Amino acid sequence: MKIAIVGCGAMGSVYAGLFASAGHEVWAVDAWREHVEAMRAHGLRLEGASGDRTVKVNATTEAKEAGPCDLVILATKAMHVESAASSIRNSSLLGPETPVLSIQNGLGGPDTAGSVLGRERVMVGVVGGFGASMKAPGHAHHNGMELVRLGEFEGPVTPRLQKVAELWQGAGFRVKCFDDIDQLVWEKLICNCAYSGPCGITDRTVIEVMEDPDLSLVSAACAREAYEVAMKKKIKLGFTDPVAYVRDFGSKIPHARPSVLLDLMAKRKSEIGVINGAIPRVGRQVGVAAPVNETVTALVREKERRLGCR
């Protein structure tokens, strides 16, 4: 199949590398010119839990160069979804039946994509347990390879969603389809809350937060608050002990640095507002306080200002 990945950063490069390795025609669309040029000149190198490979991909900064695709994966950060979705809409990527799979951390990314592209075209993806990072332009690494969750905006699993799931499975990913997209989003969000903010504030890896007697308490509190908000919203979750759940998640990517920390290290603004910052915001709507997530979010934002993140 012909697959476009719009937003081919660390996680997008994992998708591109494994889909290309499985024999698909991959178009990597990204604004980072040095990354695009490196992929054009030398291919895309992906190393880590899936092995070490260098694959040929079609890399470009302009979505219009790719032409119509069978699947478009929108993998930008949450704050860039609207502009990226607009670029997809205004390009030639979309055929009459081309689905767009929107994969972001936190809350709101797929909703934004749906508002631009139409909810009937957009599928929702949540990917966790990879711990991906960029080593250099054209060179990505991932610590784990846990789970790709997929769902439709409107209602239960459809034949087209199953077809997309089979595509991911054929490229070596472990996939689970959900009838309820709220469940797939919140199960990942609770894990993100446990590590994104605490790691970002302290420059620690996941395992360092888990093993620190004080940071582990902060991490657990973030998870509990997120769980309590989900329960008040009547989200169906596949677990009843959020602390055990996030520790199991963290144990699979112990040496990972969450994307919030990677952004801070690169002096980029992070997605903290749609991760830890989403919990007090949604909590206020349902009458549940989330003071730990609120404090963690404030500390990350102060760090962004101090570092001059843009």
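## Strands and their pairing

Two strands are said to pair if DSSP finds at least two bridges between them. In this predicted model, strand 9 is joined by 4 bridges to strand 10 (residues 139-142), and these two strands run antiparallel.

In general, the strands of a sheet pair through backbone hydrogen bonds, and the pairing may be either parallel or antiparallel.

The open sheet is formed by 4 strands in the order 4-3-10-9, and its pairing is mixed. At its edges stand strand 4 (51-55) and strand 9 (132-136), each of which pairs on one side only. When direction is ignored, neighbouring strands of this sheet are turned against each other by 20 degrees on average.

Helix 1 (residues 10-21) lies across strand 3 (44-48), strand 4, strand 9 and strand 10, and the direction of helix 1 makes an angle of about 100 degrees with strand 3.

Elsewhere in the chain, helix 8 (residues 215-232) packs with helix 12 (residues 291-307) at an angle of about 120 degrees, and their axes are 8 Å apart. Angles of 65 to 115 degrees count as roughly perpendicular and those over 145 as roughly antiparallel, and helix 8 and helix 12 are therefore oblique to each other. Their crossing is left-handed.

On the side of helix 8, the contact is made by V218, A221, C222, E225 and A226, while helix 12 contributes P291, V292, N293 and V296. Sorted by class, the residues of this contact are 7 nonpolar, 1 polar and 1 charged.

How values were computed. Residues numbered from 1 in each chain as written. Predicted model: local features only at pLDDT ≥ 70, side-chain atom pairs only at ≥ 80, totals over all residues. Heavy atoms only, no water. Axes fitted to C-alpha atoms, helices over the stretch in contact; angles between N-to-C directions. Parallel < 35°, antiparallel > 145°, perpendicular 65-115°, else oblique. Left-handed = near helix turned anticlockwise from the far one by under 90°. Contact = heavy atoms within 4.5 Å. Nonpolar A, V, L, I, M, F, W, Y, C, P; charged D, E, K, R; others polar.
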